[in-house]
Every structure is written in structure tokens, then in C-alpha cells.
Amino acid sequence: MSFEITRAFRFEAAHLLPKAPHGHKCRRLHGHSFVVELTVAGDLSSEGWVCDFADLASAWAPLHDQLDHHYLNEVAGLENPTSELLAAWIWTQIESTLPGLVAVRVAETCTASCIYRGPRDPGGGSS
Ligand SMILES: Nc1nc2c(c(=O)[nH]1)N=C([C@H](O)[C@H](O)COP(=O)(O)OP(=O)(O)OP(=O)(O)O)CN2
Ligand SMILES: [Zn+2]
């Protein structure tokens with residue numbers, strides 16, 4: 001796997017973090033212009049690409065519909081929508097339609113983001 005390609009997407013949404021410590025500002029309802037980056041790895045096909053960037057956009061489209069201008073806490077599985085749990089949720093939703101997916105990056109702001117690279121190898125893999 002010599003190449004990785006990434007495409008970025010944006011959506012606007014509201015959330016609050018119900019498990020943040022009492023008094024934390026993020027327990028209050030607020031919103032972000034979220035940026036999601038999907039990364040796919042692979043060898044080059046006969047077209048000279050890993051896959052068409054448009055394939056990433058097609059995979060993302062149904063998620064955009066579920067997330068954009070929604071209250072994330074009301075989306076099934078996103079009752080505690082931290083960046084980390086949102087990235088893992090996106091991975092679960094999209095992995096079957098995006099072969100070669102290796103990373104989902106979620107940025108709430110210009111300076112704060114999370115990268116999820118999928119579930120750990122069940123074998124542990126530390127030897
Ligand atoms: N590990 C995580 N920490 C925080 C998350 C998160 O998802 N994972 N989320 C939040 C809040 O949603 C908050 O809106 C974003 O945090 P923050 O970087 O503090 O955003 P600000 O723009 O308000 O940053 P300031 O520098 O304080 O202005 C909090 N933590
Ligand atoms: Zn937030």
C-alpha cells in the first residue's frame with residue numbers, strides 16, 4: 001500500500017457533551033463547522049489512482065444528510081458526540097462502502113481534531 005488519498009468534507013451541526021465535567025462549557029448547547037477527512041490507502045489501479053476522489057464523495061453523501069444541520073445528540077449512536085466518538089461512528093457507517101479506508105479525521109475547530117484509524121488488531125500485534 002504505497003499511496004494514501006484524502007478528501008475533506010464540511011458540515012454544520014449543533015451538539016453538547018453530556019459527560020463533560022460539570023461546569024465545562026461544552027455541556028452547553030453549541031455548534032461547529034465540522035471538517036471530516038476520509039483517507040483511503042491502496043496501490044494504483046490502471047487509471048493511475050487509488051480510487052476516484054468522487055468515490056469518497058459518494059460514500060460521504062449519505063452521512064452528510066444525516067449530520068448536516070442536525071443536533072448530533074439526537075442521531076442514533078451519537079448521544080455523546082465527542083470528536084473521538086463521532087470519528088468512530090463515521091468509520092462504522094462508512095467502512096463497508098469505502099474499501100481501503102484507513103483514517104477518519106474529525107475537526108471541530110481549526111485547532112482541535114481527532115484521527116481514528118479503526119479498531120485495534122484483535123491479535124494485539126505488539127510482538
Ligand atoms: N478530547 C476532546 N476534548 C474536547 C472535545 C472533544 O470532542 N474531544 N470537545 C470539546 C468541545 O466540543 C468544544 O466545542 C471544542 O473544544 P475547544 O478546542 O476548547 O474549542 P474552543 O474553540 O472553544 O477553544 P478555546 O481555545 O477554548 O477558545 C471540548 N474538548
Ligand atoms: Zn463542541
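Contact here means heavy atoms within 4.5 Å. This is a predicted model, in which local features need pLDDT of at least 70, side-chain atom pairs count only at pLDDT 80 or more, and totals for chains, interfaces and linings use all residues. Side-chain values use heavy atoms, with hydrogens and water left out. By the contact definition, Arg117 touches Trp91, Val102 and Ala103, leaving aside its neighbours within four places in sequence.

**Overall fold**

- The protein has 2 helices and 5 strands, where helices (H or I, at least four residues) and strands (E, at least two) are DSSP runs numbered from the N terminus.
- Along the sequence, these elements follow the pattern β-β-α-β-α-β-β.
- A box of roughly 55 × 40 × 25 Å, taken along the principal axes, holds the C-alpha atoms of the protein.
- Of the 127 residues in the protein, 37% are buried; buried means under 20% relative accessible area, exposed over 50%, and partly exposed in between (1.4 Å probe, protein chains only).
- Among contacts with a separation of 6 or more, 63% are between residues 24 or more positions apart.
- The protein exposes about 7700 Å², and carbon and sulfur atoms supply 53% of this area; accessible areas come from the Shrake-Rupley method with a 1.4 Å probe, and for residues only the protein chains shown count as cover.

**Ligand 1**

- The residues around ligand 1 are His15, Leu17, Lys25, Cys26, His30, His32, Thr82, Ser83, Glu84, Glu108, Thr109 and Ala112; a residue qualifies if one of its heavy atoms lies within 4 Å of the ligand.
- This shell divides into 3 nonpolar, 6 polar and 3 charged residues, with Ala, Val, Leu, Ile, Met, Phe, Trp, Tyr, Cys and Pro counted as nonpolar, Asp, Glu, Lys and Arg as charged, and the others, Gly among them, as polar.
- Strand 2 (30-42) and helix 2 (83-94) each contribute at least two residues to the shell.
- A polar side-chain atom of Lys25 lies 2.6 Å from an oxygen atom of ligand 1.
- For Glu108, an N or O atom in the side chain is 2.6 Å from an oxygen atom of ligand 1.
- For His32, an N or O atom in the side chain is 2.9 Å from an oxygen atom of ligand 1.
- Taken alone, ligand 1 exposes 620 Å², of which the protein buries 52%.

**His32**

- His32 lies in strand 2 and counts as buried because its relative accessible area is 15%.
- The side chains of His32 and Glu108 make a polar contact at 3.1 Å; a polar contact is a pair of N or O atoms within 3.5 Å, and within protein one must be able to donate a hydrogen and the other to accept it, while residues adjacent in sequence count only if both atoms are side-chain atoms.
- Leaving aside neighbours within four places in sequence, His32 is in contact with Phe11, Glu12, Ala13, His15, Glu108 and Thr109.

**Helix 2**

- The end C-alpha atoms of helix 2 are 16 Å apart, which agrees with the 16 Å that its 12 residues should span at 1.5 Å a residue; the expected span is 1.5 Å times one less than the number of residues.
- Ser83, Leu86, Ala87, Trp89, Ile90, Trp91 and Ile94 are buried in helix 2.
- The cover over these buried residues includes strand 1 (3-15), strand 2, helix 1 (53-67), strand 4 (101-107) and strand 5.

**Arg117**

- Arg117 lies in the segment after strand 5 (113-116).
- Arg117 counts as exposed because its relative accessibility is 59%.
- Arg117 and Ala103 are 14 residues apart in sequence, and their C-alpha atoms are 4.5 Å apart in space.

Key:
Residues numbered from 1 in each chain as written. Chains lettered and ligands numbered in written order.
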